[in-house]
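Dear colleague,

I am passing on the structure that we discussed, with the sequence alongside. Please look it over before you read my notes.

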Amino acid sequence: MIDRRNFLTTVALGTASAAVLAACGQPSPAQTGSADNPVTINYTWWGNDDRAERTRKAIALFEAKNPDIKVNGNFTDFPAYWQKRATEAAGGGLPDVMQWDLSYLRDYGQRNQLLDLSTVKIDTSAFDKSLLPSGQIRGKTYGIPTSTNAFAVYYDPAKLASLGIAEPDGSWTYDEYNAFLTEVGTKSGGALFGSSDYTSVWWMFNIWLRQQNIEAFTEDGKLGFSKDDLKEWWNKVADLRGTPAIISEERITQLLPKSAFGSNATASEVTWDNFMAGYLGDSGAKELKLVPVPSDDPDNLGLFLKPSMLMVASAKTKNKDAAARFIDFMVNDPEVGEIFKTSRGVPASKTQRDGTTFEGTDKLVVDYEKSIEKYLKDAPEPPIVGFGTLEASFKRISADLNFGKVDVNGAADAWFKEAEDLIKQNA
Amino acid sequence: MTQSPTLSRRSTSSDLPQPRKSRQRGTDTRAGYTFLLPWLLGFIALTIGPMISSLYLSFTNYNLFEPPKWIGLDNYISLFQDERFLQSVGVTVSYVVFGTPIKLAAALAVAMLLNSKRKGQGFYRSAFYAPSLIGASVSIAIVWKAMFGDSGPVDQGLSFFGINLGGWVGNPSMTMPMFILLTVWQFGAPMVIFLAGLKQIPGELYEAASMDGAGPIRKFFNITWPMLSPVIFFNLLMETIHAFQIFNAAYIISNGEGGPAGSTLFYTLYLYLRGFSDFRMGYASAMAWLLVIVVGVITLIFFRTSKSWVHYSGDSK
């Protein structure tokens, strides 16, 4: 007869050790797959539903062409995206392939989290040679640009027409742009705002600095501008805050996760030109147009083509070959270009660009980037470590400014303190 | 709460109580520990271990990727020069100070209503308890956000009565009331405990008081409150500790950013942002340990003051 207590001891021990053994016994994934036994790679990106749908199509196409590889897709919105990546990186479990932003390339690349893509087979012969360095750090290639984007002012022609406001021609100073925003707010009686506070846009601040030939960061990674520059910038719309020219931060918060412009609450917005597809989808507008950003120097718009996103692979991926083939496909394949059009930006690879037909609003984006060609300056280097954090704190402090929680001086002090603290931390 | 791991209750089928042999007791103990083993392993590997390493990390500069650099007390010192940190303390303290008493008052009030014998009490008890089962979930936070958004049910309901506040979610001065309502709504757990405590109060006490002409208020303060004081103390302690740890709702309602204007920057949310958005794990660890210390001190103060107002049965007082 089985003794009750011994029996229980045995069962308990057995269960515990089974769990331990099961944990040890994970089979290691195969290096290469076949059609019958495909390898699986994980791919993650940020974006809205529009991008999710396009990406799913691209993945299906890739799987059809590469039956030996399966791709698991996953996406979130931009802020949460980076929190997730940090958690995964800390645990050594970054997805095999990821959509990446220039702002975070150094944070992860310099800290050996990303695969040097020059060690795997990816065809970059169709890329503009001036663009590739923006994915490289200290001679290693961490990211391949999928596409380029540039800053622009969006506006909705139908909304302007209904208010009887002439469409802008895109050569305007900041004062003229401010006057435009005020006109929208006044004529609509507050029903439609001019735009969201453009001085809260970190990249627009960088462009304004470039318009005055100031580099935002010095070569040794310090701040290249002064507190007074920042104050001057935030003061540009000091008289507009709290008027119908600029939408309140309360409204913006309520509208999240949609943007103010995408929710038809504003008539214009200063941002990247590849947001076109997202805005069209969100707002349901028939047509949106793009013009260059304001500048007080008509010959220097401070504009540049930025890799709108990069494809990167985890340094720890067990399927380097599959990851490389997926990246190559995503950046070079003409059919992928057809799927994304300009929603990722204008395709960076000539093969993909030439293989894509751009019509309607997509053509507007392509034409816009062509039209500003003569103003373009070199693509920026991968920004300093912590650039993404600086961008987030810039946005947050600008919002505090619009809530009236701080004045411009207080906001500039707060941002400089955070920025200097961060630069010191990462030194 | 120190329960011996020994399996104290023996098989009831044994014929006669026999004096236990020490060898048998040893087997008992071993079986007990064996059953505890999975939990113990988890406790050591998933709680104690991380706590110790986080204590170490709190004295370092650690960005998740590179080895931690020892910097002594720098993290703790810079906490007190960090305006966002002080803001997060302010937000959390006001949540605890206002939310917890209101929640407990609601719980006690409803428990007293449900204590009387009426038809359908079982249904009401379940109905009032339900929110605390689902309240901490992600979906409720999303529902809450929708309810309190622009032209959400709350906005429209108040507008009907001529109160035009707009959406609460985007208004920095309305987010705290919104969070307090969310926690008060989840009063079910303390309510059930109050209810159990109320059932323990002998009915004779109330009868005797009625005979002496005591009204309901008198009865509450002279019978219910002192008789219930151990339960009130327990609930106060648990809910206070719990309130300090609010995270899920804050994270979801503010899109993980603590906005608008930092009005929902709860302590744990800022801790998370510091660690996982800014890669300042050492700093985040220092924040975590400071919270442990503060909650510990508050608990200690509660226990100290409890002597003067908590009455246990059998106390000579």
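Predicted model: local features only at pLDDT ≥ 70, side-chain atom pairs only at ≥ 80, totals over all residues.

Residues are numbered from 1 along each chain as its sequence is written, and chains are lettered from A, with ligands numbered from 1, in the order in which they are written.

To begin with chain A, the domain assignment (bounds of this kind come from an automatic or database assignment) gives domain 1 as 39-147 + 308-366 and domain 2 as 151-305 + 381-426. The centres of domain 1 and domain 2 of chain A, taken over C-alpha atoms, are separated by 27 Å. Their contact (two residues count if their C-beta atoms, placed from the backbone, lie within 7 Å) takes 24 residues from domain 1 and 22 residues from domain 2 of chain A. On the domain 1 side, α4 (105-109) and α14 (360-371) of chain A are the elements that give two or more residues, helices being DSSP runs of H or I of at least four residues and strands runs of E of at least two, numbered from the N terminus. That side divides into 7 nonpolar, 10 polar and 7 charged residues, where Ala, Val, Leu, Ile, Met, Phe, Trp, Tyr, Cys and Pro count as nonpolar, Asp, Glu, Lys and Arg as charged, and the others, Gly among them, as polar.

Chain A also has an open sheet of 3 strands, in the order β8-β7-β9 with antiparallel pairing (strands pair if DSSP finds at least two bridges between them). Because β8 (268-272) and β9 (289-291) of chain A stand at the edges with a single partner strand each, one side of each is left without a neighbour in the sheet. Strand β7 (residues 151-155) of chain A pairs with β9(A) over 3 bridges, and V153(A) has V291(A) as its bridge partner in β9(A).

Between the chains, 32 residues of chain B are in contact with 32 residues of chain A. Helix α1 (residues 22-57) of chain B gives the most to the chain B side, with 8 residues, and by class that side has 12 nonpolar, 12 polar and 8 charged residues.

Finally, helix α12 (residues 267-276) of chain B is mostly covered, with 10 of its 10 residues buried, meaning that 20 or more other C-beta atoms, placed from the backbone, lie within 10 Å of a residue's own. Among the buried residues of α12(B) are Y267(B), R274(B) and F276(B). The buried residues of α12(B) pack against α3 (78-90) of chain A, together with elements of chain B including α10 (216-244) and α13 (281-309).

With best regards

Technical notes:
Buried ≥ 20, exposed ≤ 12 C-beta atoms within 10 Å, placed from the backbone.
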